[in-house]
Amino acid sequence: MGRPDRRLAFHLCRELGAIHPDHLLASLTARQWDEWVAYFSIYPTAEDRADARAAMLSTVTARSAGQKRAKFKDFMPDYVGRHRARRDQTPEE
C-alpha cells in the first residue's frame, strides 16, 4: 500500500464507514475526492499521529523517571526500517 491516494481512501473509509475504497471511490466525484485530499492535507486523521503522541509521552515519562538519554525515536515505531540497530545487542542489553 505504497500509494498515498490509496492510503487516503482507506482512511476515508474508516471515517465514513465505507466497506472498501472501491465502493467509496465509485460514489465520489473527482471534485469531492479533491476536496477530501485537501481536507486531509490540512487535518490528518487522529490515528495518523497516535504513534507520535505515544512516543512523546513515553519520552517524557522515561526522562522524568531518570532515563535522561531517552529520545523520541527510541519510542517511535520504525515501520520502514530507517532506525535499525547498527550493531548486535549484547546479552546484557
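Four aromatic pairs are found when the whole structure is searched; rings of Phe, Tyr and Trp (its six-membered ring) pair if their centres lie within 6.5 Å, and planes under 30 degrees apart count as stacked, over 60 as edge-to-face and the rest as tilted. The model is predicted: local features need pLDDT of at least 70 and side-chain atom pairs pLDDT 80 or more, whereas totals for chains, interfaces and linings use all residues. Residues are numbered from 1 along each chain as its sequence is written, and side-chain values use heavy atoms, leaving out hydrogens and water.

**The ring cluster**

Select tryptophan 36 and tyrosine 39 to see an edge-to-face pair, with 5.8 Å between centres and 85° between the planes. About one helical turn separates tryptophan 36 from tyrosine 39, because they are three residues apart in helix H3; helices (H or I, at least four residues) and strands (E, at least two) are DSSP runs, numbered from the N terminus. Tryptophan 36 is partly exposed at 27% relative accessible area, and tyrosine 39 is partly exposed at 41%. Here buried means under 20% relative accessible area, exposed over 50%, and partly exposed in between (1.4 Å probe, protein chains only).

Tyrosine 43 belongs to the loop between H3 and helix H4 (50-64) and, at 51% relative accessibility, counts as exposed. With Phe40 also selected, the view shows a cluster in which ring pairs link Trp36, Tyr39, Phe40 and Tyr43.

**The nonpolar core**

Now select Leu8, Ala9, Leu12, Cys13, Leu24, Leu28, Trp33 and Phe40, the eight residues of the largest nonpolar core. Such a core is a set of buried Ala, Val, Leu, Ile, Met, Phe, Trp, Tyr and Cys residues joined through side-chain atoms within 4.5 Å. Helices H1 (4-16) and H3 (30-42) each contribute at least two of the core residues, and H1 gives the most, with four.

Centre the view on cysteine 13. Neighbours within four places in sequence aside, cysteine 13 is in contact (heavy atoms within 4.5 Å) with Ala18, His20, Pro21 and Leu24.

**Methionine 56**

Finally, move to methionine 56 in helix H4. With 48% relative accessibility, methionine 56 counts as partly exposed.
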